[in-house]
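The sequence and structure are shown first.

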Amino acid sequence: MNYVNYQLDVSDITAHLITVTLSFKPTQAVHELTLPAWIPGSYMIRDFARNIVSINAYDDVGSLKLTQLDKQRWQLSCNNHIIYVRYQVYANDLSVRAAYIDDEVAVLNPACLCLCVSELQTLVHHVDVIKPQADVAASWRLATGLSRASDTPFVGFGRYYADNYQILIDSPLLLGVFTLCEFSINDINHYLVVTGSNLTDLTRFTDDLTKICQQQLNVFGALPDDLDSYWFLLWVTEDGYGGLEHLNSTLLLCSRFDLPTPGVELVDENYQNLLALCSHEYFHTWWVKRLKPACFMQYQLANEQYTSQLWLYEGFTSYFDDLALVHSGLITAESYIKTVEKLISRVTRNPSDQVQSLVDSSFTAWTKFYKQDENAVNAVVSYYAKGALLALCLEAALRQRGLSLQHVVRQLWQRFIATGTPDNALSVVLNELGLSELASQSEQWLHEAKPLPLADTLANLGLKVTLRPMQHGDDFGGEILKKSYGPANLPFIGALTKTVNGQLTISQVYHGGAAHQAGLMVGDQLIALDNRKITNNNFNQLLQRYEINSETILHLFRKDRLLQCSLQLCQSNAQVAIVNISDQTLCDNWLTMDME
């Protein structure tokens with residue numbers, strides 16, 4: 001037996017239990033079994049082993065000694081017989097990172113299910129997937145990017161395999177009732193799998209996805225040499241959003257209302273977000289699944305694996321995902337400019353833009369970005385959003401010099417595909433292109449906790465960027481429209497609120513804002529403004545009655561104490577973006593032409 005075998009059995013749908021049977025031929029007296037603590041692409045320790053409910057080991061002779069060493073490792077004493085390790089895993093994580101089972105679908109990530117056997121990681125790994133016996137699963141099929149055994153039917157239950165353990169845990173499986181659509185890019189089959197029964201237009205969705213994939217291929221010039229198929233595994237729920245990239249597939253989560261509406265030709269905001277998500281994950285096929293930080297060339301999944309380059313891999317991807325939509329003709333330039341406006345505002349409206357640098361945001365993702373608390377707006381920069389703005393600034397600077405970011409991306413791909421990127425990879429390529437000044441500038445943008453020079457830089461793309469005061473918690477830019485019932489400029493208290501147990505409650509306080517100056521804290525329950533009762537529905541209406549810089553008395557509960565404070569309703573700093581086209585020719589050249 002020169003392979004490692006796993007049998008996956010969705011044994012109890014109601015209890016969300018998967019029974020896994022691992023079998024292998026031992027090569028030494030003692031083997032160590034380990035389950036990853038995290039999954040590549042999602043940089044947080046998730047301790048998947050905590051979901052193992054029971055575990056035991058045996059061979060043809062009898063039970064074997066299995067000793068747990070820590071939260072995710074077991075020591076197995078072996079005889080010279082084939083080993084069987086049987087364990088049950090609780091699967092009720094409604095996300096793209098782990099495992100989930102209900103009566104409609106089973107989402108299985110091998111990273112959280114398949115124990116790694118020491119010394120055998122490089123062997124071929126087989127996965128035998130048993131069709132669930134429950135009546136609700138009678139029509140279920142199986143979709144995965146794993147290679148299929150010759151006697152296993154297409155999208156059927158049976159045996160699948162991976163060349164090694166690293167590929168196995170990079171290959172999610174989706175079980176359930178789904179619709180399958182197929183298209184081809186450069187003679188490589190691509191599959192769109194959509195779970196459930198949905199009132200949507202999958203022909204249009206497939207056509208749009210084909211255009212996006214072709215556009216992302218254009219960035220790199222060719223598909224990866226080792227790609228023989230690609231799977232979009234779309235898990236549709238009543239309310240969800242997310243995606244995780246894999247070697248030849250992506251597992252996506254969306255709301256059914258993100259899918260295109262039949263008979264509606266326009267791309268609405270929900271459908272645009274879904275297309276951008278698909279675009280984002282497909283770009284990762286090159287950008288982090290193959291070209292990656294040098295330290296990720298061999299993943300170490302027992303503990304955190306730090307890199308300062310997430311701005312490059314997630315930020316650049318976040319730039320090219322929406323750009324592909326406008327380059328493909330799926331959205332208008334005007335719609336894309338509004339997307340840029342929101343992107344800028346996501347960064348500039350938070351005080352953290354002047355607190356944390358992009359390289360620090362990348363390095364501390366494990367403990368800060370993925371574990372955000374109420375102070376995140378003041379302390380944590382998004383390497384996705386600000387990384388995309390950095391890409392936008394580089395695009396503007398490169399276009400001024402007759403190049404484009406696409407050219408730089410290709411250079412990085414060709415230069416470092418064999419070794420992975422060092423921390424200074426961008427500077428290396430820019431210097432090799434004779435752009436030493438831009439290389440130096442980009443290093444400053446990366447290492448300094450300062451706002452990017454958006455207004456000056458983006459003028460090279462034909463864009464005029466101005467910032468205006470933030471009006472409310474959901475304000476992400478654009479021109480202020482005067483309301484019939486109140487002024488265009490509203491006072492902003494410098495805090496976000498949410499309803500908790502029926503009471504409007506402070507959820508985040510912006511450093512330096514009116515709420516901060518008044519002494520308001522997260523958790524404060526707002527009771528009355530100038531002796532008028534505050535509710536979730538009337539708070540903004542009350543604020544509209546006051547002039548900018550007026551002062552009012554706010555009553556609140558802090559835990560069980562009734563307090564009052566003086567609140568000056570000042571206008572916030574210029575924080576959110578207005579983006580207009582200032583030079584149509586420059587803008588058209590950027591959004592309609594690919595420069596190499």
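Leaving aside neighbours within four places in sequence, which residues is Q508 in contact with?

Contact here means heavy atoms within 4.5 Å. On that basis, and leaving aside its neighbours within four places in sequence, Q508 is in contact with D373, E374, V377, A495, L496 and V522. Q508 lies in strand 24, which covers residues 503-509. Its relative accessibility is 16%, so Q508 counts as buried (buried means under 20% relative accessible area, exposed over 50%, and partly exposed in between, with a 1.4 Å probe and protein chains only).

## Basis of the model

The model is predicted: local features need pLDDT of at least 70, side-chain atom pairs count only at pLDDT 80 or more, and totals for chains, interfaces and linings use all residues. Residues are numbered from 1 along each chain as its sequence is written, and side-chain values use heavy atoms, with hydrogens and water left out.

## Overall architecture

The secondary structure of the protein chain comprises 15 helices and 29 strands. Helices (H or I, at least four residues) and strands (E, at least two) are DSSP runs, numbered from the N terminus. The radius of gyration of the protein chain is 26 Å, close to the 25 Å given by the globule rule for 596 residues, so the chain is as compact as a globular protein of that length. This radius is taken over C-alpha atoms, and the globule rule is 2.2 Å times the number of residues to the power 0.38.

The C-alpha trace of the protein chain spans about 85 × 65 × 50 Å along its principal axes. Of its 596 residues, 57% count as buried. Among contacts between residues at least 6 apart in sequence, 68% join residues at least 24 apart.

## Packing around helix 8

Helix 8 (residues 385-400) packs with helix 4 (residues 310-327) at an angle of about 70 degrees, with their axes 7 Å apart. Axes are lines fitted to C-alpha atoms, for helices over the stretch in contact, and angles run from 0 to 180 degrees between N-to-C directions. Helix 4 and helix 8 are therefore roughly perpendicular to each other (angles under 35 degrees count as roughly parallel, over 145 as roughly antiparallel, 65 to 115 as roughly perpendicular and the rest as oblique). On the helix 4 side, the contact is made by W311, G315, F316, S318, Y319 and L323, and on the helix 8 side by G387, A388, L390, A391, L392, L394 and E395. These residues divide into nine nonpolar, three polar and one charged. Ala, Val, Leu, Ile, Met, Phe, Trp, Tyr, Cys and Pro count as nonpolar, Asp, Glu, Lys and Arg as charged, and the others, Gly among them, as polar.

Helix 5 (residues 333-348) also packs with helix 8, at an angle of about 125 degrees and with the axes 9 Å apart. That angle makes helix 5 oblique to helix 8. The contact joins V340, L343, I344, R346 and V347 of helix 5 to A385, K386, A388, L389 and L392 of helix 8. By class, the contact of helix 5 with helix 8 has eight nonpolar, no polar and two charged residues.

The axes of helix 2 (residues 202-220) and helix 9 (residues 405-416) come within 8 Å and cross at roughly 70 degrees. Helix 2 and helix 9 are therefore roughly perpendicular to each other. N218, V219 and F220 of helix 2 meet Q406, V409, R410 and W413 of helix 9. This contact holds four nonpolar, two polar and one charged residues.

In helix 10 (residues 425-432), six of the eight residues are buried, so this helix is largely enclosed by the rest of the structure. The buried residues are A425, L426, S427, V428, V429 and L430, and they pack against helix 4, helix 8, helix 9 and helix 11 (436-447). Just after helix 10, G434 takes a positive phi of about 80 degrees.

H280 is located in helix 3 (residues 269-283). With 6% relative accessibility, H280 counts as buried. Not counting residues up to four places away in sequence, H280 touches E314, T317, S318, D321 and Y384.

L199 is placed in the loop between strand 18 (188-195) and helix 2. L199 is exposed, with a relative accessible area of 83%. Not counting residues up to four places away in sequence, L199 touches P260 and P262. L199 and V105 are 94 residues apart in sequence and 18 Å apart in space, C-alpha to C-alpha.
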